Amino acid sequence: MRISREAIRRPGQQPVALLLLVLLSLSLVALPFLTFAPNRLVAGEPLMGWQISQSAVVLPPLAVLWLLLWFAPSRISLSLALLSAELMLAAMIWLSGNQATLLSQHGSRLARTSFASGLWCSGALLLLLITDTVRQLTRHRLAQLLLNLQVWLLPLLLLFSGQLNDLSLLKEYANRQAVFDAALVRHLTLLAGTVLPALLIALPLGILLFRQPRWQSAVFGVLNVIQTVPSVALFGLLIAPLAGLALRFPWLGDWGISGIGMAPALIALVLYALLPLVRSVVVGLQQVPQEVRESARGVGMSGWQQFMAVDVPLALPVWLAGLRVVVVQTLGMAVVAALIGAGGFGAIIFQGLLSSALDLVLLGVIPVIALAVTVDALFRLLISLLEKKDD
Amino acid sequence: MRWLTDPLLWLVLLYGALLTLMPYSGPLFHHWFPELARPLYQQETFWQLTLAHLFLVITASLLAMVIGVGSGVLVTRQAGRAFRPLMETLVAAGQTIPPVAVLAIAVPVMGFGAWPAVVALLLYGLLPILQGTLAGIDSVPASSREIAEGVGMSAWQRLWQIELALAAPVIIAGIRTSVIINIGTAAIASTVGAKSLGSPVIIGLSGFNTAYVIQGALLVALLAIVSDRLFERLQRWFSVSAQ
Amino acid sequence: MIEFKGVSRAFNGKAAVSDLSLTVAEGEFCVLLGTSGSGKSTTLKMINRLVEFDSGEIRFAGESIRQLDARDLRRRMGYAIQSIGLFPHWTVQKNIATVPALLGWSKQQVTQRIAALLALLNLDPQLLNRYPHQLSGGQQQRVGVARALAADPEVLLMDEPFGALDPVTRGALQQEMLRIHRLSGRTIVLVTHDIDEALTLADRLVLMDNGEIVQQGKPAELLTQPKNDFVRDFFGRSEMGVRLLALGQVGDAVRRGEWLTGEPIAAGLTLREALSQFITRRTDKLPVIDEQQQPLGVLYFNDLLTLREETACAG
């Protein structure tokens, strides 16, 4: 059978997919998939992909992905590619859990099996491939979001079914479940304790600045300076005054306000949240067309009614986008707040860094990233639903 | 003589003064915090810490500039256009991850020390620069591009004299964001074993030494503000010549 | 100067230009006229290889353009477009000096050339240090034309250059182009969809539709001897007469040796404008003066009616 030049060139027409697949295949073969250590104190031994039992499971989806390079992108081929990539991702996670279980049966309870660079790289590349495939499948924002989210259904199923419980990361979680849950609650408390007061301040302030533009440069100037200051510095600078205040007014201590802990953290986090929020409130109001406002007044609405009926709905997408940015930013900064005793996942991360316990670091980092990505996606979902309604 | 009233000049002078005078502020801190045995951070001089901090930030930012602007340019060329959506996805995804997380992840991969910190700063600092480059190049008017090709400029001349020259203000805005974030992240770099102006802060926090915390916090906050003003000046200068 | 032989170009399977053959002689003012999608812009862009042709051959000054380096080719041609495209971050001076800078001219040469161009295009030297956004639309396009002419190119390519300007500025710049063409004798290829502009400027008028040349020739030819209904309808059956008049000048139709009292009209006016004068002043005779304000003769309304055949022959 003659192979035409055209056929050989076909994969070149999908350079992104080709590149990702090449890198994916390389990382599966060349990089260690898992590391295994008989106990905590010893460094881990790398386990390559082929050394893992039943690793052949990843080959069929991988083969399908390669094969699809020779077909021009169509609904069917893209859906097939998406499915294969999802299954491969789930398969890799399942393999890790399976291997960990096998190893802990043969070894001791203290054995540690953890993800290695091969799995991280392959996972990241698969996710990129999935995002690219979804982008080609549909232009519809909402559909894209949902397709990207459903990828996590199988892995989450594996997680909650307990299949992954012998991995060192989950063993660490099992050991410190109470600490983890407390950190989760504290982290979310920090988030709520920041966003709610910030909204209460930013909304009126933003509306005021919109009505009186000449104050904008002064207020934004101050907020900009605050934003520039590194978070750890602001946290630190608030300790002394707050400690001094707590000394002067001991009853503040009863409320839990002292130099360290949640008080300085929340104050600083609220200050950091102000700039993006105030700016998005102002910009959101600015982009409401004046004619719509005028026609609302024209039909006899009062100022308040016009605000609720016209300004709020039209500015809402911009406001929500600003809120999304603030929530993601706060989740990240709350990690640093652990340094001044505010708790949260940051405490777990820094403890892990301090004691070189890398699984502990991951135990803190992964939830933060997961929270940030989930909240970001939820906000985008909400915003696109809102904008869809306006169509 | 107008430069005498320049606020930026005074800020820089203030920073220099603070740096020089801080070692002599022992008595002042002792007065504020009489209970502390060691009111003044003395494990390294503040100059050393500033230099270490600047080393982390400048190394990472220079590399990020080269890679970020380079990738942005490649992805806006005819040949690289296919990779642009991928880049944009990476940038969007990367920005949901907090910079602290990137720093923390650098440890399992690369261990402790200054170089893992630089790598983490580099990776996170790439994102705003890439975003700025893409936005800047997009903002170049199509008519300028058409004329540049029509009068017979080579691809390199078009890129350098027209596209990058016009995109410069936006690119510099991206670099500014990147550097400011990096200054902040470098302040926590001592948790991964890299010395910086954040070291007194973190040591002070774990040792309940508020004096250390204030010394470190003041210096790093001022460093960030001065850098921000410097970049704003740079942006303004580029905007004028790009008009 | 420029030869197209059986040139074709398609975009996404649709033919933009089909089997086009065209010759532009040296020193000719060639206007490509047509509606949007007729392929006129594509044809122009194939000359400086901004668009490459699929099949056929294009020769410039005797050489096949594929053999020439694209950049060198473009530096030998002036290029002006509708959106003007002055570089926003360069002063007017630097903009005009774009191609001379690429060619490595000395500072003195550039300064001299810019002075000459300013005079040619009636531009105030004070504008040299300003930035494009500080200029009006008309000034910007004059700078654009100056830039196109800066390196004294062999050919000037213009793609709907006056489309974005107001009618008054447009008219003024059209007259400038005629004057520049007369003074420099350069070959100019201009694309437009404005019929009056085409009739005013062209030595050779090329009417295109659907990627093909429907008819080409002197403007008067297309008006008086249309090849088919498309040409006839394009120029508008009802507008035909006035358009023909626009091609002629008062100086050509004046009866010399006679004189009349009253306000005279200039010999340089087109017959169309003279017609307007006849109607406004309710007369059928007008005195004519020449460029030196000296009496030339008298123009009779009746002569306009007999002029058609002569214009078609002389053109």
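User: Against which elements do the buried residues of α7(B) pack?

Analyst: This is a predicted model, where local features need pLDDT of at least 70, side-chain atom pairs count only at pLDDT 80 or more, and totals for chains, interfaces and linings use all residues. Residues are numbered from 1 along each chain as its sequence is written, chains are lettered from A and ligands numbered from 1 in the order in which they are written, and side-chain values use heavy atoms, with hydrogens and water left out. Helices (H or I, at least four residues) and strands (E, at least two) are DSSP runs numbered from the N terminus, and contact means heavy atoms within 4.5 Å. The buried residues of α7(B) pack against α8 (155-186) of chain B, and also against α2 (70-75), β6 (77-81) and α6 (137-149) of chain C.

User: Which residues of helix α7 of chain B are buried, and why do they lie on the same side?

Analyst: Buried means under 20% relative accessible area, exposed over 50%, partly exposed in between (1.4 Å probe, protein chains only). In α7 (residues 142-150) of chain B, that picks out B:Ser143, B:Ser144, B:Ile147, B:Ala148 and B:Gly150. They share a side of α7(B) because they cover an arc of only 165° around the axis, taken from the directions from the helix axis to the C-beta atoms.

User: What residue with a positive phi follows α7(B)?

Analyst: Its phi is near 95°. The residue is B:Gly152.

User: How many cavities of 30 Å³ or more are there?

Analyst: Rolling a probe the size of a water molecule over the atoms shows where empty space is left. On a 1 Å grid over the protein atoms alone, a cavity is a set of points where a 1.4 Å probe fits but cannot get out; lining residues have an atom within 4 Å of a point. Grid points are joined across faces, edges and corners, and a volume is the space filled by probe spheres set on the points. The count is two.

User: Which element gives the most to the lining of the largest cavity?

Analyst: This cavity holds about 60 Å³ of space, and its lining includes B:Gly150, B:Val151, C:Arg74 and C:Tyr79. The lining has seven nonpolar, two polar and three charged residues; Ala, Val, Leu, Ile, Met, Phe, Trp, Tyr, Cys and Pro count as nonpolar, Asp, Glu, Lys and Arg as charged, and the others, Gly among them, as polar. α2, β6 and α6 of chain C each supply at least two of the residues. The top contributor, with three residues, is β6(C).

User: Is A:Ser114 buried or exposed?

Analyst: A:Ser114 sits in strand β3 of chain A and is among the residues lining the second largest cavity. Beyond four places in sequence, A:Ser114 touches A:Leu34, A:Thr35, A:Ser168 and A:Asp359. Its relative accessible area is 14%, so A:Ser114 is buried.

User: Which three residues supply 17% of the area that chain A buries against chain B?

Analyst: Of the two pairs of chains in contact, A and B share the most contacts. Their buried area, the accessible area (1.4 Å probe) that two parts lose on being put together, summed over both, is about 3100 Å², with 87% from carbon and sulfur atoms. More than any other three, the suppliers of that 17% are A:Thr228, A:Pro230 and A:Leu353.

Technical notes
On a 1 Å grid over the protein atoms alone, a cavity is a set of points where a 1.4 Å probe fits but cannot get out, and a pocket is an open set with protein on both sides within 12 Å along at least five of seven lines; lining residues have an atom within 4 Å of a point.
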